[in-house]
Amino acid sequence: MLLAIDIGNTNVVLGVFEQERLVENWRVGTNTQITSDEYAMIVKDLCAFSGLEFRQITSVIISTVVPPLLPVMIGMARKYFKLEPLVVTHELKTGITIRYDNPREVGADRIVNAAAAYKLYGGPVIIVDFGTATTFCAVTKDGEYLGGAICPGIKISAEALFQRASKLPRVELVKPARVIGSDTVTAMQAGIIYGYAGLVDGIVERMKKELSPDARVVATGGLAELVSPETRNISEVKADLTLDGLRLLYELNR
C-alpha cells in the first residue's frame with residue numbers, strides 16, 4: 001500500500017492507496033511544533049481505527065508547502081515505516097511540462113493538482129484549489145503547465161474581516177438563502193460566499209480568454225463543495241484530486 005501525505009498550511013491530508021483504489025483518507029491539523037514521533041502516533045491511531053497496520057505500508061510519497069514539516073515527515077517514514085519517501089519537486093516525472101519562468105517556484109501542491117487533472121480530464125484544464133490560499137492553475141491541451149493565479153483563501157479573507165471590523169462577528173461559513181441579507185450574520189455570509197464565487201468566476205473567465213474558452217474547470221480543496229455550486233464556470237469537483245495526483249506521481253517515478 002502507498003501512503004500519500006499532502007502537507008498544507010492548515011491541514012495535513014493523508015491517503016492510503018491499494019494500487020489505484022483510495023482505501024482511506026484523513027485530514028489532521030498542520031502543526032510545525034510536533035515531532036515525527038508524535039505525527040507517527042497520530043497516523044498509527046488513524047490506521048488502527050480503519051483496520052490498517054503500519055506493516056501494510058510499502059511506500060510513501062510526500063508533498064509539502066510547509067518546509068519545516070518536510071524533515072519531520074521524512075523522519076517518520078524512515079523510523080516507523082523503514083522507507084525512504086519520494087518527495088514531490090519540479091524535477092519529478094509528472095506527465096506535464098512546466099513552462100513557469102522559474103519551475104522551482106511552483107508549489108508542490110500545484111504540480112500535483114495539475115498532473116492529476118491533466119491525467120483525469122485532459123487539456124485544456126483549469127484547476128481551482130480552495131485551500132489556505134486559493135490557487136488557479138492552467139494546463140494546455142498539450143499538457144503544458146503555464147502558471148496561474150494565487151489569491152487569499154476564503155477563510156483568510158473572512159478572518160481579516162472579523163479582525164479588522166470591530167462590530168462584525170465571526171460567522172459560520174454557510175450559504176445563506178438570499179444575497180440580500182436581512183441581518184448582519186446573513187449579510188456577511190452572503191458577501192463572503194457569493195462574493196468569493198464572483199471572484200472565482202472573474203479569474204476563471206479571464207484565464208479562459210488566455211488559455212481556451214473550452215477549458216474544463218476542476219475544483220478541489222476543503223471548501224470546494226461550498227463555493228463551486230455558486231459559480232458559473234466550475235464543472236467538476238474532485239475532493240481527492242491532490243491524493244490522486246500523489247499516487248500518479250509515485251507510479252511515474254518509482
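**View A. Aromatic pairs, starting with F54 and F81.** Three aromatic pairs turn up when rings of Phe, Tyr and Trp (its six-membered ring) are paired if their centres lie within 6.5 Å, with planes under 30 degrees apart counted as stacked, over 60 as edge-to-face and the rest as tilted. One of them joins F54 and F81 in a tilted arrangement, 4.5 Å centre to centre with 35° between the planes. F54 sits in the loop between helix 1 (36–49) and strand 4, and F81 in the loop between helix 2 (70–80) and strand 5 (86–87), so the pair ties together parts 27 residues apart in sequence. Helices (H or I, at least four residues) and strands (E, at least two) are DSSP runs, numbered from the N terminus. F54 is buried, with a relative accessible area of 18%, and F81 is buried at 7%; buried means under 20% relative accessible area, exposed over 50% and partly exposed in between (1.4 Å probe, protein chains only).

This is a predicted model, where local features need pLDDT of at least 70, side-chain atom pairs count only at pLDDT 80 or more, and totals for chains, interfaces and linings use all residues. Residues are numbered from 1 along each chain as its sequence is written, and side-chain values use heavy atoms, leaving out hydrogens and water.

**View B. The pair F130 and Y196.** F130 and Y196 form a tilted aromatic pair, 6.4 Å centre to centre with 50° between the planes. F130 belongs to strand 7 and Y196 to helix 5 (residues 184–210), so this pair ties together parts that are 66 residues apart in sequence. Both residues are buried.

**View C. The largest nonpolar core.** Here you can look into a core of 30 residues, where I61, V88, I127, V139, Y145, L246 and L249 have the most contacts. A nonpolar core is a set of buried Ala, Val, Leu, Ile, Met, Phe, Trp, Tyr and Cys residues joined through side-chain atoms within 4.5 Å. Helix 3 gives the most to this core, with seven residues.

View D. S63 lies in strand 4 (residues 59–64) and, at 0% relative accessibility, counts as buried. Beyond four places in sequence, its contacts (heavy atoms within 4.5 Å) include I5, D6, V88 and L246.

**View E. Helix 3.** This helix has 14 residues, of which 10 are buried, so it is largely enclosed by the rest of the structure. Among the buried ones are A108, R110 and N113. Just after helix 3, G122 takes a positive phi of about 75°.

How values were computed
Expected span 1.5 Å × (residues − 1).
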